[in-house]
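This report describes selected features of a predicted model. Please consult the sequence and the structure shown below while reading.

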Amino acid sequence: MLWLKWKRWVTDRFLLLLQETSTGLASVQTKSAASPELVSGLVYFSSPSGNTHRFVERLGLPAERIPPRASEPMLKATQPFVLITPTYADGEGRGAVHKQVIRFLNDAANRTLLRGVIASGNRNFGAFFAYAGTIIAAKCNCPCLYKFELAGTDSDIARVRQGLDLFWKQQLSISQ
Amino acid sequence: MTIHSAIKPVAKAVNWNRLQDEKDLEIWNRLTANFWLPEKVPLSNDIQSWASLKPEEQQLTIRVFTGLTLLDTIQNTVGAPALMADAVTPHEEAVLTNIAFMEAVHARSYSSVFSTLCRTAEVDDAFRWSEENEHLQAKSRLILEEYNATSSPLKKKIASVFLESFLFYSGFYLPMHWSSRAKLTNTADLIRLIIRDEAVHGYYIGYKFQRALERLPEAERAEIKDFAFSLLLDLYGLETHYTEELYDPLGLTEDVKHFLHYNANKALQNLGFEGLFPEAICQVNPAIMASLSPNADENHDFFSGSGSSYVIGKAVATEDEDWDF
């Protein structure tokens, strides 16, 4: 595995720099995977390019996937959930939400269980970066919790894990 | 007669109503919706701003844009056409013709900037510089070697994603830097259109790479991944020299390098791989990020709990029957 060797080489080369600046990062990166106290779920969409799928895999939390093709039966949510979705906007922001995500949210039963949205995208799209999150939050009256790029970085993963944990605890305390 | 007609290849018309890969249509639609020409941007509004730059800042800007023109030229005339030969669907070929043409538009755009803002002699000097600059020529050679017809389809795609998603960024940094200081803001608008296109190109070619890679046996997949990381490091080595040479006089080199690391990791993600550079050295100057995506950072980090980040959207009427976005 030559690429792993390169990766170690790069990390070693920048080790000094890392030690100087990573104190803030270290605290979030050590957080372990699934939180047992998590009360609710994740639903995500990912096209065959797989960026969001890889993000959810690394998140290590139970999640259900909206089928990528219209020919497949649509997912039915059974518990409150946070939606993770990529963005497909053109330069004017049109078409930001994938048709399969629209289909899923068009089901009122699914929509009722939606508690928040996390969106991905690419900052190269300027003001429309991860715009699907903005659109869904406005349409469904739920918060856009977080935005990340492509398959996310390690700190994106750490922040979303911690954030979701806290978010569900808050939700629980509101509903009690 | 019958023998001859049996081996005659059948010319096939592209049928967009029969897709083998839905991604082709998705990207075709996105690219055509994003079509633009440099005439759309009022570059002449930057004339005063250009005059406010110091002579060395002007020279740096012209050189950086000449370097970008070279990469666009390569992608227009060699890169995208080379990928066409490996297309697995007729629709992919059509998308690649769009990519090739937009690269020509990008290359042409820099000349619009030059003719609006600069003197002919300065521009001619910069084009001569681009032919003589060893780092610029070396990275072009590395990419062109992989575009060679004998190179594997996968390696061509890797080189292409690195050009689209990594090599441009040592250049893109500068107009974002000027724009963050309220300079050359119309030129920055034009560059943002290019940056947006390159994101789609890198994503699409990276997607086709992943589809081709998953058909290979494990050992070959590992070999290709090693190749990708090695090529990236070779290019990175050249990019650091190029960056130092250009940006040292302005004291911006370290700032640019963070931007390079950040984009190199994104290029690897387009190929379906993990990033190479640790996050601590991918901390891009917030002013550059804001310049790259104006207004994109408002109201989204609910988790950080900072300030007014929690904004529930204004109520929008939602019909169950027709939920039109």
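In which helix of chain B does Ile191(B) lie? Ile191(B) belongs to helix 10 of chain B. Ile191(B) is buried, since its relative accessible area is 0%, and a residue counts as buried under 20%. Leaving aside neighbours within four places in sequence, Ile191(B) is in contact with Phe65(B), Tyr110(B), Phe172(B), Pro175(B) and Met176(B). Ser49(B) is 142 residues from Ile191(B) in sequence, and the two C-alpha atoms are 16 Å apart in space.

**Packing of helices 9 and 10 of chain B**

Helix 9 (residues 169-180) of chain B packs against helix 10 (residues 185-213) of chain B at an angle of about 145 degrees, and their axes lie 9 Å apart. The crossing of these two helices is left-handed. From helix 9 of chain B, the residues Tyr169(B), Phe172(B), Pro175(B), Met176(B) and Ser179(B) take part; they meet Thr185(B), Ala188(B), Ile191(B), Arg192(B), Ile194(B), Ile195(B) and Glu198(B) of helix 10 of chain B. Classified by residue type, this contact comprises 8 nonpolar, 2 polar and 2 charged residues.

**Nonpolar cores**

In soluble globular proteins, nonpolar side chains tend to be buried together. The largest nonpolar core of this model contains 101 residues. The residues with the most contacts inside this core are Ile158(B), Phe162(B), Phe166(B), Phe172(B), Ile191(B), Tyr247(B) and Phe277(B). Helix 10 of chain B makes the greatest contribution to this core, with 14 residues. Another core, of 25 residues, lies apart from it and includes Leu83(A), Tyr88(A), Val101(A) and Leu114(A).

Leaving aside neighbours within four places in sequence, Tyr247(B) is in contact with Leu60(B), Val64(B), Ser170(B), Gly171(B), Tyr173(B), Leu174(B), Leu252(B), Thr253(B) and Val256(B).

Cys144(A) is in no disulfide, and the nearest cysteine sulfur, that of Cys142(A), is 8.0 Å away.

**Helix 4 of chain A**

Which residues of helix 4 (residues 51-59) of chain A are buried? They are Asn51(A), Thr52(A), Arg54(A), Phe55(A), Val56(A) and Leu59(A). Just after helix 4 of chain A, Gly60(A) adopts a positive phi of about 70 degrees.

Notes: Residues numbered from 1 in each chain as written. Chains lettered and ligands numbered in written order. Predicted model: local features only at pLDDT ≥ 70, side-chain atom pairs only at ≥ 80, totals over all residues. Heavy atoms only, no water. Buried < 20%, exposed > 50% of the residue type's maximum accessible area, 1.4 Å probe, protein only. Helix = DSSP H or I, 4+ residues; strand = E, 2+ residues; numbered from the N terminus. Axes fitted to C-alpha atoms, helices over the stretch in contact; angles between N-to-C directions. Left-handed = near helix turned anticlockwise from the far one by under 90°. Contact = heavy atoms within 4.5 Å. Nonpolar A, V, L, I, M, F, W, Y, C, P; charged D, E, K, R; others polar. Core = buried A, V, L, I, M, F, W, Y, C linked by side-chain atoms within 4.5 Å. Disulfide = S-S within 2.5 Å.
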